[in-house]
Amino acid sequence: MRFETVKKYKLKQKNMKSTTTKTKSTSEDSEYGMEESKLMKLFEDSLKDIYWAEKALTKAIPKMVKKATSGELKAALENHLQETEEQVKKVEQVFEMIGKKAVAKKCEAMAGLVKEAEEIMEETEEGAMRDAGIIAAGQKVEHYEIATYGTLKTYARILGLEDAATILEEILEEEKNADQTLTGCAETINLQAVEEEAEEE
Ligand SMILES: [Fe+2]
């Protein structure tokens, strides 16, 4: 980003902070119109990317549930599957808010993470070891989503899209909770995996 642009953004953010009621564009915004439209394009592209990712996850998570052994892990994944199905609709709402058609664009990063999860499930024996692998793969997915929704939420705020920012923040919290739940599952499952290995020897 050019220095001039950075300066403009800092100034704009300062202006936004000083007004509590401002949600839509004002005359101040027109000065940054060009930059905003570029950010809007980035926002829309990232939204298309995460829309594809969420849809891909609605197909990938059921496979993880099927391959998991632990009841706690299965329940956590099933719960997040439901959330993910809702998130698809929430992202569609955001598209609607910006007056754009919901379009999915292949997210290479998520495609890679899903592929990695499939490989882990194939390469590990059923039981705690495979469960540990599923948790690791699941947490990588969550962290990608946390990064994306964090960015999207920030863009929405800068663009003055408060309603969109609220929805994106809601999803962000769900992803953070899902990540924490998986950490909770890992606490017992990782130990079981080590015990399982010791029994085999
Ligand atoms: Fe998600």
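A: The largest cavity here has a volume of about 60 Å³. This is a predicted model, where local features need pLDDT of at least 70 and side-chain atom pairs pLDDT 80 or more, while totals for chains, interfaces and linings use all residues. Residues are numbered from 1 along each chain as its sequence is written, and side-chain values use heavy atoms, without hydrogens and water.

Q: What counts as a cavity, and what as a pocket?
A: On a 1 Å grid over the protein atoms alone, a cavity is a set of points where a 1.4 Å probe fits but cannot get out; a pocket is an open set with protein on both sides within 12 Å along at least five of seven lines, and lining residues have an atom within 4 Å of a point. Grid points are joined across faces, edges and corners, and volume is the space filled by probe spheres set on them. Searching the whole structure gives 1 cavity of 30 Å³ or more.

Q: Which elements line the largest cavity?
A: Helices are DSSP runs of H or I with at least four residues, numbered from the N terminus. Helix 3 and helix 5 (108-123) each give two or more residues to this lining, and helix 5 has the largest share, 5 residues. Among the lining residues are L57, K63, L113 and E118.

Q: How does the lining divide by class?
A: Ala, Val, Leu, Ile, Met, Phe, Trp, Tyr, Cys and Pro count as nonpolar, Asp, Glu, Lys and Arg as charged, and the others, including Gly, as polar. The cavity lining has 8 nonpolar, no polar and 2 charged residues.

Q: And what surrounds the largest pocket?
A: That pocket, about 200 Å³ in volume, is lined by 15 residues, with A76, H80, E142, A178 and L182 nearest its centre. Helix 4 gives the most, 5 residues. The classes here are 8 nonpolar, 5 polar and 2 charged.

Q: Is Q87 buried or exposed?
A: Buried means under 20% relative accessible area, exposed over 50%, and partly exposed in between (1.4 Å probe, protein chains only). Q87 is buried, at 0%, and E145 is buried, at 0%.
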